[in-house]
Amino acid sequence: MNDPKNGMTLIVKTVTRVTVWLIVLYGIYLILHGHLTPGGGFGGGVILALAFLNIMLAYGRDATQKWLNIKFLEDIEAVSATLFLFMGILGIALGGRFLMNFLPKGTPHALFSAGTIPILNILIGIKVAMSLFLVVWVLAGLHEEEGGKK
Amino acid sequence: MILPYFIAIPLLSAFLISLIAGKKDYWAILLSTVAGASLLILSIYSMIVQNGETLVYEMGFWKVPIGIVLVQDALTCLMLVLVSLISFTSLLYSVQYIQHMDRNWKYYALFMLLVTGMNGVIITGDLFNLFVFMEIALLSAFALVAYGGKAEEYEAAFKYAVMGALSSILVLVGIAILYSATSTLTMAKIAEKVPSLDPKLLFWVGGIFLAGLGLKAAIMPFHAWLPDAHSSAPAPISAMLSGVLIKVLGIYAMIRLYFNVFGAPELYMNIFLVLGAISIILGGLLSVVQWDMKRLLAYSSVSQIGYILVGLGIGTELGILGAIFHLFSHAIFKSLLFYNAGAVEMALGTRDLRKMGFLGKVMPVTSATSLVGGLAISGIPPFNGFISKLIIIIALIKADAPVYAILAIIGSILTLGAIMKMQRYGFRGETEITKITEKIGWRMQSAMILLAVLCLLSGLLLLPGIREAALDPVVAVLADPGQYMQLVLGR
Amino acid sequence: MILYLMCFALFLVGVYGLLTKRDLIKLILSIAVMGYAVNLFLILFAYKKDAGIPILLEGVVQGSMVDPLPQALVLTSIVIELGTTALLVALAIRLVQKYKTFDITKIRRLFG
């Protein structure tokens with residue numbers, strides 16, 4: 001992990017190790033409160049992706065690849081997109097229209113309220129985080145493999 | 001209501017392909033073919049049961065000015081059938097073609113996203129939603145053009161992507177101005193408010209949209225990217241791009257905006273006529289001089305798009321009928337010709353007409369269907385191309401525009417010349433070719449035969465009885481532009 | 001008014017770059033600048049003087065609010081631009097690998 005050849009200096013690595021969890025926490029906070037405050041799935045997802053990118057920048061792409069299962073991230077991305085679509089189709093099944101808000105709305109300003117919106121926010125957050133991270137990941141690795149396709 | 005499924009099915013199959021396909025292509029092929037077939041069945045079914053009515057689907061039960069609406073009228077149904085038909089044959093054709101290119105499941109996922117984007121553009125009734133679906137279709141089209149992984153393909157895709165991004169920005173500016181003037185994004189609502197707007201503002205917005213959508217439709221001054229992108233893409237994608245993508249993103253969006261939203265203003269109808277005539281002549285001239293088979297076909301697409309624009313620009317019912325019918329028939333025969341070109345490229349390894357010869361012996365199906373497609377595109381009687389061009393020319397003469405009629409006839413002769421060249425050198429040349437590198441499988445052959453039969457049969461759409469059911473409601477949508485607004489808003 | 005003019009000037013910067021620059025990366029940047037100008041335009045006409053944020057907060061009674069819809073549109077268009085830019089960059093990397101140059105005028109094997 002602390003291989004001096006890969007990535008940046010020890011200071012950056014140490015600071016990253018401390019702060020990356022705070023960034024992840026902030027991203028999760030934004031996603032969960034998407035229906036109450038500014039932010040939401042996209043903003044929180046971008047911050048989550050930045051946390052991952054932070055690791056990649058600090059430790060180098062090769063070192064990150066060793067303990068991060070990229071294929072698994074790709075699968076999570078596809079699953080979250082599929083689940084989003086299923087929520088839309090569930091809306092047809094239970095409410096009669098695509099993306100119908102079929103759950104009880106609850107009281108305004110409570111964390112568990114607004115029906116399906118928090119669920120959709122979480123799914124979008126995961127999708128955005130994974131795709132944004134993977135886009136940068138693939139672009140960073142594009143110069144290494146010759147001839148393949150993104 | 002089956003309307004949202006036109007978006008949900010291809011989108012779901014795209015996600016599922018990327019999820020479960022893994023290293024095996026088998027699942028990807030199966031899933032995408034099932035999705036394509038079910039879309040075809042659904043679209044034909046919805047065309048039959050739709051019966052000239054306008055159906056409005058409010059997403060999530062949000063009422064018209066607030067939420068996004070999906071609108072299904074006769075034109076929507078026709079376009080959906082067209083897209084599903086071409087994408088289904090293209091998928092059939094892709095199976096062998098893509099295997100030959102030694103590529104994997106990503107192709108099918110991108111293909112399904114392309115279909116999603118086009119279906120979305122067709123069924124949406126919301127201006128910004130239209131833009132979003134356009135972008136989905138365009139982004140997957142960029143990636144698919146570059147799919148082969150050769151230097152020229154990256155170059156064409158980059159050019160296409162720059163042009164596409166520029167056109168999207170222009171469309172977004174137009175949408176922004178329209179929203180600031182009317183404070184709504186539902187197309188029917190905007191149409192309701194258009195008469196009270198400043199004519200100067202409409203003039204500028206129309207111009208911006210013309211530049212943006214013209215770039216997507218590759219009308220003559222904006223056509224530079226089309227020959228590169230359409231000739232570099234893999235053959236089934238060329239067929240999709242030339243056959244339906246430029247029509248859905250360009251022509252269909254223009255129809256919705258200029259006819260149903262702006263109410264067919266005189267000025268823009270005249271601009272359509274002029275730009276269409278220029279496209280016909282210059283596209284025809286440029287296609288005659290090409291030696292690359294796919295490039296020749298790509299330039300002739302520019303010319304045929306000109307016919308559709310001229311037909312729309314006349315503004316009479318007959319002209320619109322001609323334009324709609326030409327849109328339909330061009331999608332069929334142009335896709336067929338691109339399939340032929342792809343088959344020849346696969347068998348001989350070249351697209352250069354000078355290196356080809358007599359192919360009738362080794363590739364009988366390909367050369368026979370290419371003859372059908374060629375005759376149809378150049379307007380020889382029993383085929384659909386003849387009928388549609390004839391209607392447009394008669395409409396031009398009836399509308400007192402003989403100059404345009406003559407230009408249209410000249411354009412038709414130029415197309416005939418280009419196709420004669422392709423047939424003469426490409427399929428019926430002197431040197432007999434006996435050896436081909438790869439046999440054309442049954443899937444590719446059946447895709448070509450299906451479209452060749454449709455070239456002949458789709459002329460039947462004009463028979464009395466069928467015409468009243470299939471084409472007249474479509475013409476009515478355009479001939480009375482205000483009707484769309486009233487039907488969607490339900491008053 | 002001055003704000004709209006400056007927004008238009010930003011757009012023109014993008015157009016200028018797109019028309020005159022020959023470097024692949026600069027072309028991509030020009031497109032991005034044009035996109036930002038349009039996004040800024042969308043935000044600008046949603047602005048209302050002395051209006052509050054378009055969010056219902058607990059215990060706060062809102063007077064007039066700025067128009068929230070263009071902000072949602074801008075978010076969507078930013079996502080789209082992100083996708084376009086990523087694709088353009090990927091294509092540019094491949095182009096540089098194949099042609100060994102950043103100059104767009106030297107990347108022309110297609111013609112006619």
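The talk below takes cavities and then cores.

Modeller: Happy to! This is a predicted model, where local features need pLDDT of at least 70, side-chain atom pairs count only at pLDDT 80 or more, and totals for chains, interfaces and linings use all residues. Residues are numbered from 1 along each chain as its sequence is written, chains are lettered from A in the order in which they are written, and side-chain values use heavy atoms, without hydrogens and water.

Biologist: What makes a space a cavity, and how many of 30 Å³ or more are there?

Modeller: On a 1 Å grid over the protein atoms alone, a cavity is a set of points where a 1.4 Å probe fits but cannot get out.

Biologist: Which residues line the largest cavity?

Modeller: Lining residues have an atom within 4 Å of a point; there are 15, with B:A165, B:I169, C:I80, C:E81 and C:T84 nearest the centre. α3(C) gives the most, six residues.

Biologist: Why is the set around B:F158 and B:Y160 called a nonpolar core?

Modeller: Because a nonpolar core joins buried (under 20% relative accessible area) Ala, Val, Leu, Ile, Met, Phe, Trp, Tyr and Cys residues through side-chain atoms within 4.5 Å. The largest such core has 222 residues, and α6(B) brings the largest share, 20 residues. A second, separate core of 13 residues includes B:I393 and B:L396.

How values were computed
On a 1 Å grid over the protein atoms alone, a cavity is a set of points where a 1.4 Å probe fits but cannot get out, and a pocket is an open set with protein on both sides within 12 Å along at least five of seven lines; lining residues have an atom within 4 Å of a point. Helices (H or I, at least four residues) and strands (E, at least two) are DSSP runs, numbered from the N terminus. Buried means under 20% relative accessible area, exposed over 50%, partly exposed in between (1.4 Å probe, protein chains only).
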